[in-house]
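Have the model open in your viewer for this one.

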Amino acid sequence: MLRYILRRLLLLPLVALGVTFLLFFLTQRLSPEMRASLYIKDPRQMGALEEVIQKYGLRDNVFKQYGRWLNGALHGDLGYSHSANMPVSQAIKEYLPATIQLAVVTIILVVFFGVWFGVVSAVKKDKWQDVCARLISVGGFSLPIFVLGLLLLMVFYGKLGWFPPGGYSVSTDVMVHSPSFHSYTGFLLIDSLLNGNLRVFFDVLRHLVLPAVTLCIGSFALMVRVMRSSMLEELGKDYVRTARAKGLPERAVIYRHAGKNAIIPVITLAGIQFIRLLGGTVIVETIFDYPGIGRFGVTAAQQLDIAGIMGFSLMVAVLFVLGNLVSDVLYTAVDPRIKLSD
Amino acid sequence: MDAREDTVLSVEELRVSFGSGPDRTEVVRGLSYRLQKGKVLAVVGESGCGKTVHALSLLKLLPPGAEITEGRILYRGKDVLSLSAEALRKLRGAEMSMIFQDPMTSLNPIRTIGSQLVETILAHSTCSKLQAQARAVRLLKKVGIENARQRLNEYPFQFSGGQRQRIMIAMALCLNPSILIADEPTTALDVTIQAQILKLIKELQRQSGMAAVFITHNLAIVADIADEVLVLYGGYCVEQAAVEELFAAPKHPYTRGLLGSLVSLKRKETHLPAIEGYPPAPGTLQAGCPFAPRCPHVWDKCRASLPPLFERQGHKVRCWLVEKDEEPR
């Protein structure tokens, strides 16, 4: 098991190298002048173009330039993001926790409700509960995420004022940045609890609700479907009949026996969904003005912030490999027949 | 002797169908029998004759789509079919338990066999988890699993087919039920393992004095284990008699055919006799005797109407030949 994990981790640098080199190579299609001009804010300083090119060695061959970037990256220096006005590593440190927080809350909602609805739907096949669950699932599939997001924002913020957009309110901002608030993890939900500051906790949670619900819908619909069909398959198996023949209560038959087997495919799905949430919550983050990493990535791409793009891609690649590894390891926890072989 | 006192299970005119409306197919057609305390009834027949469906209906475990349309199942006088869900749950596993055909799929693959045994015990008694575990270990030893205590924490895939069936038996017997329903418990096993498992069931059945309904298509097993035999064909009971009687003097042509196709060391044939044709597919039965298309003694009456179950000194036969034989008298 440990050896399997180590071997998978050895793959990590390879994936990271591949992804970053590919992107770096693409950016080299732009002429050195174009790339240099991105760092000049004032048109009057255009004369300094050649100076910038010389300073950063933008005319060197691809490998040499990539080597320089790599060397920096290995020393924790991912370059300066002009779109975020801060070093790339600092931008990731600042925006990633908010996105992880959002993704974790979302995936918990998705798995919990997805599994629950899926089980009910399968157990009550063709009854009204099943019909409702399937309708919600089809609705979730067909509803564009930005339409739902804007609608929720209009109703629950515009009309009712319950759930405001943004990451947190101004008072929380002040509190968080005051010297008495200790930042332990960078995750505000956890830090606020560690600081014993419930006001911050609930404020952050309140800002999480709408984006999380919006993100949920699509994945939830998929989860219900997978759980339902998986559960239907398990309920027809012999061991379920055995469980009934033993005189177990129906709840135990459904949850302890069929449910535990049916959840195995859901774990893979949840893993994939979680990684997708980490890299691709751009629309939702934009709609709700949520200070997450997705928005950083998009802005960087729009403004041709090469350092930002490279840093963002590297981060996504690393998260992808790690996320897959975690879901594989989780598998063994649920299904004893799977041994991660060395 | 008062037969009623000793009857643990009585099945009356049981009818089971699949589907509804015009697609409705009856697979068990008016089956009746009584099972006495401590006795073994073997239900014999080819695939598709309704054996398993009948067994599942005893515990109301029929798959979706199948339905008991008529008849009663009485366990010690209680009507199983009208029990509440909770009463039925308490009956299952504790009073009447079941072993299935395929031990490879009958255990939950991702839970330890210990937890599957313990939960059965806990579902019916108020003992502690530790007591239940101790009981599970004793049971596993009893059915011949070595190192029972350590193996409690293992998963079904770590056991062989024969061992899994032993575990299923332990699970079925853990609450000392008065009736064991065994649905072809040895069919999926190797021949050598078959004999071991059969011996085990026989021993445990004799020790605890429980009654058993033993479903099989293997007549050799029947001779070994049963007190009484019921032969099913096309959903009908075609013959029912005490085991010695049935083997000595089979009356129904189908039973004779079955017995004739047994391999015997005494006979010296080069060809094994077989019954021509195939059993009827459910839903294709015509009027008349279900065996008529394959019967060597068929005559007009057989095709015209279904023979009733004639009873002569406890030997029941559903065949017009019986009536014909007695006509001169």
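Start with A170(B), which touches L117(B), L139(B), L140(B), K142(B) and V143(B), leaving aside residues up to four places away in sequence. Keep in mind that this is a predicted model.

Now hop over to chain A and a pair of helices. Two packed helices are described by the angle between their axes and the distance between the axes. Here the pair is helix 5 (residues 88-123) and helix 15 (residues 293-302) of chain A, whose axes come within 7 Å and cross at roughly 130°. Angles over 145 degrees would count as roughly antiparallel, so helix 5 of chain A is oblique to helix 15 of chain A. Which residues do the meeting? From helix 5 of chain A come A91(A), I92(A), Y95(A), L96(A) and T99(A), and they meet I293(A), G294(A) and F296(A) in helix 15 of chain A. Sorted by class, this contact has six nonpolar residues, two polar ones and no charged ones.

Last stop: the place where the chains touch. Here 19 residues of chain A are in contact with 24 residues of chain B. On the chain A side, helix 11 (238-245) and helix 12 (250-262) are the elements that give two or more residues. Helix 11 of chain A gives the most, with six residues. By class, the side of chain A that touches chain B has eight charged, seven nonpolar and four polar residues.

Notes:
Residues numbered from 1 in each chain as written. Chains lettered and ligands numbered in written order. Predicted model: local features only at pLDDT ≥ 70, side-chain atom pairs only at ≥ 80, totals over all residues. Contact = placed C-beta atoms within 7 Å. Helix = DSSP H or I, 4+ residues; strand = E, 2+ residues; numbered from the N terminus. Nonpolar A, V, L, I, M, F, W, Y, C, P; charged D, E, K, R; others polar. Axes fitted to C-alpha atoms, helices over the stretch in contact; angles between N-to-C directions. Parallel < 35°, antiparallel > 145°, perpendicular 65-115°, else oblique.
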